[in-house]
Amino acid sequence: MPRFGDREVPLHNLELAFTIPDLVGRGHRPIGPPAGANRTHFRALRRVVRTNRPCYARRPVPRQTAQSTVATGVSARVRASAGGARPNTQQLSLDLLREDLPLLAIAPEWKDQPRLWGHSFHPMCSYLASFPAALAHAFIARYSRPGDVVLDPFSGRGTTALQACAEGRIGVGNDLNPLAHLLTAAKVDPPTRAELGTRVAGLRLGWAADAAAWTALGESIVAGHPDGRVPAAGSRGGADSGTEPVPAEVAVAFHPRTLGQLLFVRSILEPSGRVDRYLAATITGILHGKSRSYLSELMPNTFSMAARYVRDFAARTSFHSPERDTFTLLEQKLRRLERQARPPSTGLALLGDARDAGSRARGLLRAGALPTQARLVVTSPPYLRVVKYGYYNWLRTWFLGHDARAIDAALDDAHHRAPYLVFMREVLADLRGALTEDAVVVLVIGDVELDRGRQIRSGIGLADQVWHAAAEPEGYRLAGVLMDDVAANRKMTRLWGDEAGQATKLDRILVLGANESGRRRAINGAALPVDWTWPRRFRAL
């Protein structure tokens, strides 16, 4: 009976579980089949042992030690029927490559950190389907060094890019959603405290000079005057230069004077500038919420309730928003954001399609005389039909002068599995040119159990499908996958009652190498200790 490592294996009645080190790590290598063994079984086994690609289990493998999992990142189980029946070796190979991905032994320490762990800019504005800053730190600390470029092609509210800047890296975030781009840009390239103070003081003076006219405009809009029109966002027009109507769901959300202040600030701020962009992003975070820190208590701060529901609820309950001073709440929010020193490095924010984010990021980095390739990607691609970012942020997008329906149409989030995988392959193909040889790519992809309230099967194990159909064909190398169960009470959707957290209960974190050197770096770095001390001691700018 042949020996593989410390095991005796009967090949003629094969029920074998092994890892690659068991076979080749100690210098053992099968020379030929033992007497009576089926030669086809043996050739299939040698093909698996010699391959330089990961092998995957047809059935769950026996529990292995963390050392074995970290050292290889690969595991396999080969089966053959009793009696030495001749197997179909081609089918054997396909089965090995289609099943569960190997686990990467990284402890989910980010789950043990406080909810608001990380830089104080992170909670600037709530954003659905965003992962915590602690998760980004777990990979930034392991797989990058100060001065490295860290890229996120689906930046959302800028968690990865900001945390990278806060740790001395060059954070680069891209998103097609203008709200997401605004939040990312505000965080990775913030103005100084002096610039903010000067601008807020100027806004106060501008309001005081024309407060009566803007308050009268707010009262007219809340009263539902049929001819009520307001200046467009960023137009710098006066209260009497109205060009667009205000949606009824906006009018019912605010006190007349508060609405007048918002209309004034909305018309004055120009988000293309660094200071105004930061202020506009900060105001989106205080528009609505269930405390005195927000300008309206009609909705929770996590997302905007459906416009129709808001109108019906306000009419049914005779809702009247309490008066809140926009400038006072803005200054309070700015002080909370300024609790920590500015990040020691600035980053870049891109607005555009993720499918060419790598190419555009490289060009922008080159223009700024910065390293042109990222050593780490940490991102969470949009899930299958889970969140409509315009729909759930319609009040914020209105304040910024964007159409929520146009945003959702541009984002095209209604992918089913097949087009989603094509989309992901295009994203990963473009990223390759923007990655270093040893780059590590981390994709946080949630299992999707519900589609508009209906059970679906195509969204389970979506990370596995992304590997097989998108990443592997583009030449990426698999390091492993992490399982991260998502507690419903820690999600932005926790206020949805019985439906909270039902769409995604498990995140699968797919860890890839851009090349073999990246895969090895990902596996070897899994065991590295991570310092969770925060805030770091950086000199204020």
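Which residues touch the most other members of the largest nonpolar core? In this chain, F254, L279 and F399 do, within a core of 64 residues. Such a core is a set of buried Ala, Val, Leu, Ile, Met, Phe, Trp, Tyr and Cys residues joined through side-chain atoms within 4.5 Å.

Before we go further, a word on the basis: this is a predicted model, in which local features need pLDDT of at least 70 and side-chain atom pairs count only at pLDDT 80 or more, while totals for chains, interfaces and linings use all residues. Residues are numbered from 1 along each chain as its sequence is written, and side-chain values use heavy atoms, with hydrogens and water left out.

Leaving aside residues up to four places away in sequence, F254 is in contact (heavy atoms within 4.5 Å) with V222, L259, L262, L287, L295, S296, S321 and L395. Another core lies apart from the largest one; it has 37 residues, including V427, L462, A471 and L512.

**Helix α14**

Helices here are DSSP runs of H or I with at least four residues, numbered from the N terminus. Helix α14 covers residues 326–337, and its 12 residues reach 16 Å from first C-alpha to last, close to the 16 Å expected at 1.5 Å a residue; that expected span is 1.5 Å times one less than the number of residues. T326, F327, L329, L330, K333, L334 and L337 of α14 are buried, meaning under 20% relative accessible area with a 1.4 Å probe, protein chains only. They sit on the same side of α14 because they cover an arc of only 165° around its axis, taken from the directions from the axis to the C-beta atoms. This buried set packs against α8 (193–209), α11 (256–268) and α12 (274–284).

| Residue | Location | Relative accessible area |
|---|---|---|
| H119 | loop between α4 (89–98) and α5 (133–143) | 3% |
| P178 | helix α7 (residues 178–188) | 16% |

A polar atom of the H119 side chain lies 3.0 Å from the backbone nitrogen of F121. Not counting residues up to four places away in sequence, H119 touches L162, Q163, A166, Q340, A341, R342, P343 and W534.

With that same exclusion of residues up to four places away, P178 touches L351, H402 and I407. P178 and H402 are 224 residues apart along the chain, yet their C-alpha atoms are separated by 8.0 Å.

How values were computed. Helix = DSSP H or I, 4+ residues; strand = E, 2+ residues; numbered from the N terminus. Buried < 20%, exposed > 50% of the residue type's maximum accessible area, 1.4 Å probe, protein only. Polar contact = N/O pair within 3.5 Å; in protein donor to acceptor, adjacent residues only side chain to side chain.
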